[in-house]
Amino acid sequence: MDSQDKDLKKVSMEAEEIVANADDAAAENAGEPVMEEVFEKKNYASKAEVLERIKEIAQGEETPDKNEVNYLKTIFYKLLNAEKEAARNEFIEKGGNAEEFVPEIDDIEESFKAEMNAIKERRHNIFLEMEEEKQANLKRKLEIIEEIKGMATSPDQANKSYQDFKKLQQEWKEIKNVPATEASELWRNYQLYVEQYYDLLKLNNEAREYDFKKNLEIKTNICEMTEKLAEEEDVVSAFHQLQELHQQYRETGPVAKELRDKIWSRFKAASTVINKRHQEHFESLRAQETENLDKKTALCEKTEEILKIERANISEWERDTKLIMDIQNEWRTIGFAPQKMNVKIFDRFRKACDEFFAAKTEFFKNLKEKFSENIRKKEELIKAAKALESSTNWNETAETLKKLQAEWKSVGYTPHKVGDRLWKEFNETCNAFFNARKEATKDTRSKERDNLKAKLDVIARLNALLEKENTNKEEVDKLIEEFNSIGFVPYKDKTKVNNDYHEALDKLFKQFNISAANKHLKNFKSRIRGMAEQNDSKSISRQRMYLVRQLESLKQDLLNYENNIGFFTAKSKKMQNKLEEEMQNAKRHIEEEIALVMQKIKAIDEESNNEN
C-alpha cells in the first residue's frame, strides 16, 4: 500500500511538472505570444473571425477554455500587429518619421478588449464558485473518510455496514473537484481506510471478492486505455487524457491484495510512456525555440550590418530598404524564441529596423529640401531663358542660352513629375529662340555657303600658283585681299578653310623668301581691309584695343629685361657670356614683337584715315 501510494504520488508530481512546462511554453509575452494548444486548432484569416468566436465564448453558456482564449488572443494580436507594421512601413515609405508614427484607433480591437474583459469577469466568477464547491466537496469527503474509518474498527462492524460502505464509495466517486493542495493527502487517507475496511470484511467474502473482481476489471480497462494512448498522435491530448485516467484510477476501489502491486505496476509503466512522450515533446519545442533564437539573432546581426552601410542616393536606400523588408518577412516565418528571450530579441530587431527607417526618413527629409532648392534654381533658369526668348541679338543670346543649358545640366536631381514639367518648359523656351534665329538667319546661312565656295576657289588658285614657274608676288597679294574680303563661312568649316589657306600661303611665301613677320603683317593688313570693306568698325576697334594692351605689356617686359641684365652673374666668364647672350636674344625678340605690333596699329590707323 505504502509503495503504491508513493509511486502514484511520484507519477502525479511528474505530470504536474510537465503541465507546468506546458503552461510556461504557452505563456504570453509582449509583441509575440507563444501558444501550445491543447484543443483542436482552427485557422483564422481575419480579426473579425477571431472576434466572432470570442463573442460566442463570452456570451455562451460553456465555461471559457483558458487555452482557447489565450490562443484566440495570440492570433488576434498577431493579425493586428501585422496590420500596424504594414501601416507603419507605409508611413515611413512616404517620408514620415518612425518615432512620430501613431496607429489609428481600431474599432475591432476595442470590441475585442470588451469581450475579453467580459470573459475575464466570467472566469473570475466561475473560479469563485468552483472554490466554494471545492471547499464543500473537501468537507464532505473528509466526512466520508471519517465514516469509513468508523466502519473499519472491527470485522463485525465491517460486515454490518457493508451496504452503507458501498453507498459512501459511490458518493465519493460522484464528488469531483477538491482543492489541489488537499487532493493527494485526501486520496491517500481514503485509500488507507477503504483497504482497512476490506481487510476486516470477513463474513461476506463473496461480496468482497465481487468488489475486488469488479475493481480489477475497471483498473485493467484503465491500464489498457492508458497503453493505447501511446498510439495517440497528439501528444498533448494524450497527456490530458492520462490525467483523467489517473483520476478514475484513484476513484476505483482496491483489488485483491496479491494483485495490487501488479496492476499498479502496469498502470505506472503505461503512464510513464505517456509522460515521457509529453516531456520529449516539450523538450523538442524548447530545442526548436533555441534554434529560432539563433535564426533571429542572425537576422538582427544582418540588419545591424546594413545599418553601417553608407548610402548616398535614392537607389542605394531603395536597395537596402528591400533587404530590410525581406529580412522582416523572413522574421515572420520563424517561430517563437524561448520565453525569457523572446521579448529581448524582438526589441533588438525592432530597434535596428527603427534606426534604419529613422535614418532613411532623415535622408529623404534632407533630399526633399535639396529637391526644393533644385526646383528653385531651375525655375530661375526658366525665368532667365524666357527673358531672352524674343531677343534678336542672335549670337550673344545664343551663347547666353547655351550657358543656361550647361547650368541646367549641373543642377541636381528633381522628382520626375515636377522635373519633367520644368524641363519641358525650359526646353520649349530655348527652342523658341533657336527656331526664330534659324528662320531669321536662313539667308545668312545661304550666304555663308556661297562664301565657303568663294574661299575654296581662292585656296585652289593659290595652290595653282605653286605649280607655276614664274609666280608673280602681286598675284598672291591680290588673292590674299580677295580671300580676306569674303565674308563668314559656316562655323563647322571655318577651321579647315583657314588651315588650308595658311598652308598654301606658307609655301608661296617660302618661294618668295618673305619672313614670317612680313607674311603675318601682310595677312593682317588684308584682314583689316576686309573688315573695313564690310563696315565692321566694332571688330576693328576691338582689334586695335587688344594690340594697344599687347604693346604696353611688351614694353613692360622689355624694361624688365633691360633692368635685370646687369644683375645676372655667373661663377665663370664663359657662363657669364652665355647668360648675357641669352638675355640679349630674349630682348631682341621682344623688340621685334613690339615693332610688329606697332606696324599693325599703324595699319589700322591708316585704314581708318583712308575711310575718312
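**Notes on the predicted model**

1. To begin at one residue, Lys308 has a relative accessibility of 60% and therefore counts as exposed, where exposed means over 50% relative accessible area, buried under 20% and partly exposed in between (1.4 Å probe, protein chains only). Its side chain meets that of Glu305 in a salt bridge at 3.1 Å, N to O, a salt bridge being a side-chain nitrogen of Lys or Arg within 4 Å of a carboxyl oxygen of Asp or Glu. Glu305, at 46% relative accessibility, counts as partly exposed.

2. On the basis of the note: this is a predicted model, in which local features need pLDDT of at least 70 and side-chain atom pairs count only at pLDDT 80 or more, while totals for chains, interfaces and linings use all residues. Residues are numbered from 1 along each chain as its sequence is written, and side-chain values use heavy atoms, with hydrogens and water left out.

3. On the chain as a whole, the secondary structure comes to 20 helices and zero strands, with helices (H or I, at least four residues) and strands (E, at least two) taken as DSSP runs numbered from the N terminus. Of the 612 residues, 37% count as buried. The accessible surface is about 37,400 Å², of which 50% belongs to carbon and sulfur atoms; such areas come from the Shrake-Rupley method with a 1.4 Å probe, and for residues only the protein chains shown count as cover. Among contacts (heavy atoms within 4.5 Å) with a separation of 6 or more, 78% are between residues 24 or more positions apart.

4. On the cores, a nonpolar core is here a set of buried Ala, Val, Leu, Ile, Met, Phe, Trp, Tyr and Cys residues joined through side-chain atoms within 4.5 Å. The largest such core has 21 residues, and its members Ile148, Phe165 and Tyr197 touch the most other members. Two or more residues come from each of helix H4 (107-151), helix H6 (162-174) and helix H7 (180-200), and H7 gives the most, with six residues. Apart from this core lies another, of 20 residues, among them Ile92, Ile327, Trp331 and Ile345.

5. Tyr197 deserves a separate look. Leaving out residues up to four places away in sequence, Tyr197 touches Ile148, Met151, Ala152, Ala158, Ser161, Tyr162 and Phe165.

6. On aromatic pairs, the structure holds 19, counted where the ring centres of Phe, Tyr and Trp (its six-membered ring) lie within 6.5 Å, with planes under 30 degrees apart called stacked, over 60 edge-to-face and the rest tilted. Trp264 and Phe267 form a tilted pair, 5.9 Å centre to centre with 50° between the planes. Both residues lie in helix H10 (residues 260-307), three residues apart, about one turn of the helix, and both are buried.

7. The rings of Trp317 and Phe356 have their centres 5.5 Å apart and their planes at 50°, so this pair is tilted. Trp317 lies in helix H11 (residues 314-333) and Phe356 in helix H12 (residues 339-388), so the pair ties together parts that are 39 residues apart in sequence.

8. On charges over rings (NZ of Lys or CZ of Arg within 6 Å of the ring centre and within 35 degrees of the ring normal), Arg250 lies over the face of Trp187, at 5.7 Å from the ring centre. The charged end of Lys455 sits over the ring of Phe483, 4.7 Å from its centre.

9. On the other salt bridges, a search of the whole structure finds 29. The side chains of Glu425 and Lys386 meet in one at 3.8 Å, N to O; Glu425 lies in helix H14 (residues 416-440) and Lys386 in helix H12, so the pair ties together parts that are 39 residues apart in sequence. Glu425 is partly exposed at 29% relative accessibility, and Lys386 is partly exposed with a relative accessible area of 39%.

10. Arg140 counts as partly exposed at 22% relative accessibility, as does Glu147 at 35%.
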